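Please read them with the model open.

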Amino acid sequence: MKNKQTCLYDRHAALGAQISPFGGFDMPIQYTTITDEHQAVRNDCGVFDVSHMGEVTIKGPDAERYVQHIFTNDVSKLEPGKIQYGMMIYDDGGTVDDLLVYKMGQNDFFLVINAANIDKDWQWMKEHADGFDIDLQNRSDAYGQIAIQGPKAEQVTEEVLGIHCKELTFYTFKVIGDIIVSRTGYTGEDGFEIYGSHEYICQCWDKLISSQRCKPCGLGCRDTLRFEVGLPLYGDELSADISPVMAGLSIFCKLDKDEFIGKEALEKQKAEGTSYKIVGIELEGKAIPRHGYTVLKDGQAIGEVTTGYHTISTDKSVCMALIKTEYAKLGTPLEVQIRKKTFPGTVVKKKFYDKHYKK
């Protein structure tokens, strides 16, 4: 099956981007180098095409009750203009997807889901909509989206795009005509995500690139940036087999809510513990642990790497890994098998670099 292309695809090709399949789309991985683009976001400003992400709208008398039913966080606490992060989970506690919920108004919600999960999520949402008086719409093909990220993101968004965004705090948004502007991102830096028509998003991209104040960035550095600050990626640190509790994301699962799909499974996991847990591991030396590499304790396999890099910001070889919970205590010495050799490491916190959000 042919991969989809975002509204910005031709612009990526014209800039000479290295393009590869991701989540069913042909996406730019890098334009210059991953290191160069990573540093632009940490120190200056970068722009990402994230038009591959999915958008679902939920409106109607039962919209809030429905979102509460399918979502682990508590949207009853949300005011219009605010955003929550959380998950949709299966009855057994495994993760359907992690997502953002925007409260547009009373009984009016805008959900942002992962590109690779759009079809699966949409089917799952429809299957669980019986008995709710709602209008559920998959709007993924209607929206383009860019993410402007870095310490100069606010200045660039205001001055280059003419979008007034200073008043927005982290995880808030505003609607300007047909566009949505939120102070969110996936890099650990300050920044904004803009949703709009394909035509409008293309205009924004052109202004940003021609201004030369915002570097085009690919999915390569999007991954190194999110990894350094301990943000999970669906398919790596969350999956149908990895629950939010196993991933250390219980804070986004409000077990004091009346009910949500999978609540009982999470309550059981919280009470009894889980066999496996996501941890951070720092290795000695420069060897790079990659997804799927085996984690060992005294020569015995106890888990595997979910994401690993030699970090650009801190110059360390680190990884996140799903390992047996008995070995998950901070400071525990472990080994990671990289090709035919094993390298010593230590369990550390999953956040390898400090976030710089505007609160």
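Predicted model: local features only at pLDDT ≥ 70, side-chain atom pairs only at ≥ 80, totals over all residues.

1. Start with Thr157. Thr157 is buried, because its relative accessible area is 0%, and buried means under 20%. Thr157 belongs to helix 5, residues 153-161. Across the chain, look at Phe192. The C-alpha atoms of Thr157 and Phe192 are separated by 7.9 Å.

2. Next, the salt bridges. How many does a search of the whole structure find? The search finds 21. Side chains of opposite charge can pair when their charged atoms come close.

3. Asp206 and Arg11 form a salt bridge through their side chains, with N to O at 2.7 Å. This pair links distant parts of the chain. Asp206 sits in helix 6 (residues 198-211), and Arg11 sits in helix 1 (residues 9-14). They are 195 residues apart. Buried or exposed, or in between? Asp206 has a relative accessible area of 34%, so Asp206 is partly exposed. Arg11 is at 27%, so Arg11 is partly exposed too.

4. Asp190 and Arg183 also meet in a salt bridge, again with a stated N to O distance, here 2.7 Å. Asp190 has 11% relative accessibility and therefore counts as buried. Arg183 is at 0% and is therefore buried as well. Which residues are linked with Asp190 in a network of salt bridges? Glu154, Arg183 and Lys358 are linked with Asp190 in that network.

5. Lys286 and Asp315 make another salt bridge, at 3.4 Å from N to O. Lys286 lies in the loop between strand 15 (276-283) and strand 16 (294-297). Asp315 lies in the loop between strand 17 (300-310) and strand 18 (317-324). The pair therefore ties together parts that are 29 residues apart in sequence. Lys286 counts as exposed because its relative accessibility is 58%, where exposed means over 50%. Asp315 has a relative accessible area of 48%, so Asp315 is partly exposed.

6. Now the cysteines. The disulfide count comes to 0. Please check Cys45 in particular. Cys45 is in no disulfide, and its nearest cysteine sulfur, that of Cys214, is 3.4 Å away.

7. Cys221 is in no disulfide. The nearest cysteine sulfur to Cys221 is that of Cys217, 4.3 Å away. Cys221 has a relative accessible area of 0%, so Cys221 is buried.

8. Last, a surface feature. Which residues form a negative surface patch? The patch is formed by Asp91, Asp92, Asp241 and Glu264. Asp91 is placed in the loop between strand 6 (83-89) and strand 7 (95-105). At 65% relative accessibility, Asp91 counts as exposed, because the cut-off for exposed is over 50%.

Conventions:
Residues numbered from 1 in each chain as written. Heavy atoms only, no water. Patch = residues over 30% accessible without salt bridge, like charges linked within 9 Å, V, L, I, M, F, W, Y side chains within 5 Å. Areas by Shrake-Rupley, 256 points an atom, 1.4 Å probe, with all protein chains shown as cover. Salt bridge = Lys/Arg side-chain N within 4 Å of Asp/Glu carboxyl O. Lys, Arg positive; Asp, Glu negative; His and termini not counted. Charge placed at Lys NZ, Arg CZ, Asp CG, Glu CD. Helix = DSSP H or I, 4+ residues; strand = E, 2+ residues; numbered from the N terminus. Buried < 20%, exposed > 50% of the residue type's maximum accessible area, 1.4 Å probe, protein only. Disulfide = S-S within 2.5 Å.
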